[in-house]
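Hi,

Here is the model I said I'd pass on.

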Amino acid sequence: MRVLLIGANGYIGRFVADRLLADPAVQLTALGRGDDADVRFDLASGSPGALTRFLDAVHPGVVVNCAGATRGGARELTRHNTVAVATVCEALRRSGCGARLVQIGCSAEYGPSQPGSSTAEDAVPRPGGPYGVSKLAATELVLGSGLDAVVLRVFSPAGPGTPAGSPLGRLAEAMRRAMQSGDGELKLGGLGAQRDFVDVRDVARAVHAASLSAAQGVINIGSGRAVRLRDAAAVLARVAGYGGALHELDGPPGALRPAIGHPRPDPDHAHPVAYPYPDGCGSWQQADVRTARDRLGWRPRIGLEESLADIWMEAACRI
């Protein structure tokens, strides 16, 4: 099976590449903007016609799209998350390769959920910020394309390579600095949010399974369990051997100082974030993962403590 992987250099894409390369039945070709891609192509500015010619030449059986942007203004997010997917869909429609499309979506498409609930794929999406809107638009393009396609709606990925700007990445960096400076207490904001963390290596397994399956539509990929960031901080402190006190700052996230998970200011959009939580997902998100189990035969295998240990191992190397 020949697989074309788009976005192999990204956080999720790197692990998807590793997983696919481990399958001797897969012939992998990486397409992306970096110099180390097999083929250089920018989805946000390249034409569908150019991509079609490449698809006809390579003739993949599966196209996996892990490319996209998580930060930036609405215009940049739309270019990299929506326009790029429109290019992929149009190229696949024009091509004679008949490839299956596996698109990486995001739980931010759902927006806030009722505390205590599990969000299933039939929930009405109500994204609370521009990132979720741009990803939801991409999902709608895929679902309306008429292609053999599946969208894996990934909840909060964690584990090795976790970006420094993510909630767990910022938490690990704050703890590293506290240990480096000998601080006996760590004051953090925004720890009340509860998120469904899923290890990025489990996400890669789901992508592999989706590539081999006939499942279509939207499929949630998560752990099925919401974890309060405060509890994740306590586990990380234990893993790191941090013996200081953890204190949560009062007030909404970012009111006095950057909260865990609060994005760095965009120089082109210096106004304060207008959403109660930076990712637009409110105080609670938890996935209903029964569809992934039933249609992909997939279950998460790696627990949050192992994910946090790997995050800390990378952070500790910077001490």
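I'll start with helix α9, where L304, S307, L308, D310, I311, W312 and A315 are buried (buried is under 20% relative accessible area, exposed over 50%, partly exposed in between, with a 1.4 Å probe and protein chains only). Before you read on, bear in mind that this is a predicted model, in which local features need pLDDT of at least 70 and side-chain atom pairs count only at pLDDT 80 or more, while totals for chains, interfaces and linings use all residues. Residues are numbered from 1 along each chain as its sequence is written, and side-chain values use heavy atoms, with hydrogens and water left out.

Back to α9. The helix covers residues 304-316, so 13 residues, and spans 18 Å from first to last C-alpha, close to the expected 18 Å (that is 1.5 Å times one less than the number of residues). Helices here are DSSP runs of H or I with at least four residues, strands are E runs of at least two, and both are numbered from the N terminus. What do the buried residues of α9 pack against? The partners are β7 (156-158), α5 (167-181), β9 (194-199), α6 (200-212), β11 (226-228) and α7 (229-240), with contact meaning heavy atoms within 4.5 Å.

On the α5 side, take a look at L171, which sits in that helix. L171 is buried, at a relative accessible area of 0%.

Neighbours within four places in sequence aside, D38 touches L28, T29 and A30.

Now the whole chain. There are nine helices and 12 strands, and the C-alpha atoms fill a box of roughly 60 × 40 × 40 Å along the principal axes. The radius of gyration is 20 Å, which agrees with the value near 20 Å for a compact globule of 319 residues (taken over C-alpha atoms; the rule is 2.2 Å times the number of residues to the power 0.38). Buried residues make up 52% of the 319. Of the contacts with a separation of 6 or more, 81% are between residues 24 or more positions apart.

Cheers
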